[in-house]
Amino acid sequence: MLNNLTLLISITFMYSAPLIFGALGGVTSERAGVVNIGIEGMMNIGAFAGTAVCYFTGNPWLGFLAAGLAGGLLALLHAVAAVTCRADQTISGIALNLIGPGFALFFCRMFFEGATMSKPIANKLPKIFGNLATQNAVAKNLNLDITAVLAVALTVLLWFVLYKTKWGLRIRSVGEHPAAADSLGISVTRVRYLCVLLSGVFAGFGGSCMTLDIITQYTPTAISGQGFIALAAVIFGKWTPQGAYGACLLFGFAQALTVVLGGGKFAVPSEILAMLPYVLTILVLILFVGRAVAPKEDGIPYEKGAR
Amino acid sequence: MRLTAKILKKPITSALIAIVCGFLVAAVVLAAAGYNPWQAFGALFSGMFARPKYISNVLIKAAPIILTGLSVAFAYKTSLFNIGAEGQYIVSAIVVTLLGVRLNLPAPLLIPVLLAAGMLAGGIWGGLVGLLKAKYGIHEVITSIMLNWIAFYLSNYIVNLPAFHQPDSTGTYPIRESGYIMLLPNWKRSPQGMAALSRIPWLREVMMRTDVNFGILIAVYMAVLVGFVLYRTAKGFELRAVGFNRDAAQFAGIDVGRSLLESMLISGALSGLAGCVAIMGAAPHNISTLAAFENNGFNGLSVAFIAGGSPVGCIFAGLLFGGFLYGGQTVQADVGAPSEIINIMMGTIVFFMALSKLISTLADRLAKGSALHAE
Amino acid sequence: MQISDKYAVQMRGIVKTFGSLRALDHVDLDVRKGTIHALLGENGAGKSTLMNILYGLYQADGGEIYRNGKRVRIKGPNDAIRLGIGMVHQHFMLVENFTVTENVILGREVTNSLGVLDMKRAREDVRRIVEKYGFQVDLDAKIEDISVGMQQRVEILKALYRGVDVLILDEPTAVLTPQETNDLIGIMRNLAAGGKTIILITHKLKEIKQSSDACTIIRRGKLIDTVNPQTVDEETLAAKMVGHPVRLVVEKTPAQPKDAVFEIDRLSVRDKRGLPAVKDLSLKIHRGEIFGIAGVDGNGQNELVEAITCLARAESGTIKINGEEIQNTTPQNVIRHKISTIPSDRQRHGLVLDFSCEQNTILEKYRSGPFSRRGVLQNGKIAAYAEKLIREYDVRPSTCALQPARSLSGGNQQKLIIAREISNEPDLLIAVQPTRGLDVGAIEYVHKMLVHERDAGKAVLLISLELDEVLSVSDTIAVLYGGSILGTFRQDQADEKTIGLLMAGGKRHAVNS
């Protein structure tokens, strides 16, 4: 029993880590007023970059950083489109969901002899207690992946910055009333660029949580929908870091349930189990959340002096 | 200057500029990776046009995404973002397969029944999103994403049901032949048919080697119909008014909640029709276990945006996208360049469509500039 | 005038172009230290643009700025603030879900060395300023919860917090009662006496005469004149502002009201947050009568209109037109019962800006014949109808039928809406803030239209925040305060002082017609 419980916890944290990073990226960008539908694409390119760098250098942390860098670079395109060119942020995000995986697979074929899968990496991201030499299954389960810790840390950090520091105040003001921020000398452009770039970096980290930890290699289906679940988590969590974190844990938990319960004593088919988190989300939305209130100027390009 | 400005403002110009940019970026990436861009593009086009059967396959591949593109474009005109096209497509495919396997009806009955059922299924799936938005104010993006995944797992569940699962395969039984919308399937195999076709080689190749079906005709017809409804009917006027300015529409007496619902119903039905066309029109005429989304719905997003939201434009954008998707395989085969260059190219085209507002602003400035000079 | 440090601010030869529009054409301005200097002009004349340049929100295309006799370059609000120039905008620049304190310190936050906010110290700093100038502000309230008048004080607080010497006020009294306006003028005089310089952007002649030491008039981007408002009468000021003599009083024959056509009985409506906004309100409007409701913004006007047009729920009470109850039905039903509304926000509620002018004229009629037959739009009939309206109501340019409504000027957009609503031939025409943002010519036109409707035997309900407008146009005037009507007067009985008192919640008067 305890075995199963701890296994559940362990898998929950493992699966939710990529989602959390992606969702935190979404929160960062949207709080500053830029809609980011392209989280999926940024996670994808991050997933590949992380794997490739880790494979060739043998160091998963370098891979992790490279993943962030790759996600940030892709996000730069979105920033230019959304902030400088005042383009339609939805369309730009969709474009990135094509460009991200496109480049990821393109480079994959180039670096891994034409295959669309990378080779498995030798060293994945460590667990919090390192290589625990123990036969005790419970202890082994509680030896969580380090990504879980990183995810919590980033959530707390983001929450603190957003609500307790002056930068967070400015970011939020830019998302709610960019004209007011502008009139007080805050550079709306600079804040939005920074936040969009950061959202790409976080999403990249999230992608690499998948390939440097869970499946230890890059495949075309490594990132298939996590970016969109992250987006749903942002909305579900009402655009707060802690809310998004909770939502991602919920999704991760549901996925863990299908793993632990599936094929077991319960006669519920695994597909129905897999459906549950999504049905649950809709029910919860109807019962509790209702009207989702995005930052007031989310998705609206800022034009000085526009009437 | 004036003329240039006028040309720049036409929506098709943005699309053409975006496509050119897409090719440019792809060329740069290919060159940087050591491939010859001209060779690659040559392979792409030959993969699309070189043989009659290629052209036929392009049309076949394009039909579903023209329809999902229409679905997204329609919703976008009413300010809704139908990211749930994928899920609507899937549920329609499920329903069409279930009914197509079970119902023993002749073609003149089965085909309309399947088409109607598929559109209904997609419509309901889309309508759910609209209902939740109208009644509870829930953001359509989140419900759509949830419904996409529910549809996904539902599909896999159905595929694995013993009643429908085809042994030794990863899919269900195919639907009955009377549900196919192929072009003259029996005639082409009959002796007269074979004889007639042997005299027209290209036609024979198209009919025998490809799944040529009515899907493309359905898609084109729907595009024209949707265009008509949007711009020439009172209902279209109403939905577009809501799309442009919800507050003013409400003030003028329009029931905004109902409009949003109707819009999602229609949008869902269009994606549902895409599912019908895919199952009824092309082998293997069944649904199989999915490891990931097939992207017919998500590709519809790209098609809609490349078309600039125009219904008729979706035809051309769908053909372009479908053509590139199909011809892209040749690029890999002939030149060795990864076929994902196509995705990069399509993504770039969509990206530049996002920037198309810039082109319009540039056009305005050019026009004003010439006006000032004239004064 | 010489450049010297006698002047807090001097601007020379300012030029600003937006596209092909010359917003400012070589404008000069000299503001003496310690004075209240008014900038007078119609909407769109360029006075806000000039001040936005001074505050660094825009960059001038030509000209120089001098501060205390020295040439300065102001590249952004930060530069302006550093030079001691602050601005209180007409449309408040406040973040709705931040508190007052957060809004005041934004951009100039009180933090420790790591950037962490020290809200306790910030609050203390702000409280000190509030006490010094005797404001009434709730520091911990969220902006979305406080009154408009308090929001304005927050805006002034923002400027004072940054230690400004020159305070630019952009149309500050638009949202105030006469008493609050007097209070504000008092605050301005205190600040000026304390050495601060005030630049007041306004189009309200009375306030200029009440408050200002100097007045610069701008028309269509050009400097017209600078005068001492104490020695010039309102008619002269208005004439300079507009460029030709202006009638300041609405001409109309006495009203001849007939039977009551519109009746509200004990109406109660809650606002979006569930608080009571309209409380037990009753009124009666007769055919051939213009019924004006005066009141400060936020006393239930919006909720009242929303309840009448069925955009909001009426909690209790009835609204009857021609004897039929219409509360809590649908907006379409209200229109069908011959109530037409000119909304307060023409761009948000009145027009679909991206539709053509033609399409906007049939926004309420598209569903039925002759504009639509069996669901299909009849473009010929629509075009003919639109042409008729555009011609009859002089919407300019007359070729605008297929142009997007966005391309029309504010005044012409309003004309389009008026055309549409009046040609519904309503029994009750509701006009909410019908002249907001319009220039004098357009204002005259709108008032003429309202009187014309009344003369044709219709009932007109006028709701406006401009007390002068209500007083001069209406036959019957009611004062709305806290969701109820505190007093109703005939036009010849109404006097501004009494009404102003009621608008601020003064004693209920038993005065009736």
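Mentor: Two strands pair if DSSP finds at least two bridges between them. Strands (E, at least two residues) and helices (H or I, at least four) are DSSP runs, numbered from the N terminus. This is a predicted model: local features need pLDDT of at least 70, side-chain atom pairs count only at pLDDT 80 or more, and totals for chains, interfaces and linings use all residues. Residues are numbered from 1 along each chain as its sequence is written, and chains are lettered from A and ligands numbered from 1 in the order in which they are written.

Trainee: How many bridges join β1 to β4 in chain C?

Mentor: Strands of a sheet pair through backbone hydrogen bonds, either parallel or antiparallel. Here β1(C) (residues 7-18) and β4(C) (residues 62-67) run antiparallel and are joined by five bridges. C:Q10 has C:Y66 of β4(C) opposite.

Trainee: In what order do the strands of the open sheet in chain C stand?

Mentor: The order is β2-β1-β4-β5, four strands with antiparallel pairing. At the edges are β2(C) (21-32) and β5(C) (70-72); each has a single partner strand, so one side of each lacks a neighbour in the sheet.

Trainee: Which residues do chains A and B bring to their contact?

Mentor: Residues are in contact if their C-beta atoms, placed from the backbone, lie within 7 Å. Chain A gives 43 residues and chain B gives 39. On the side of chain B that touches chain A, α7(B) provides the largest share, eleven residues.

Conventions:
Contact = placed C-beta atoms within 7 Å.
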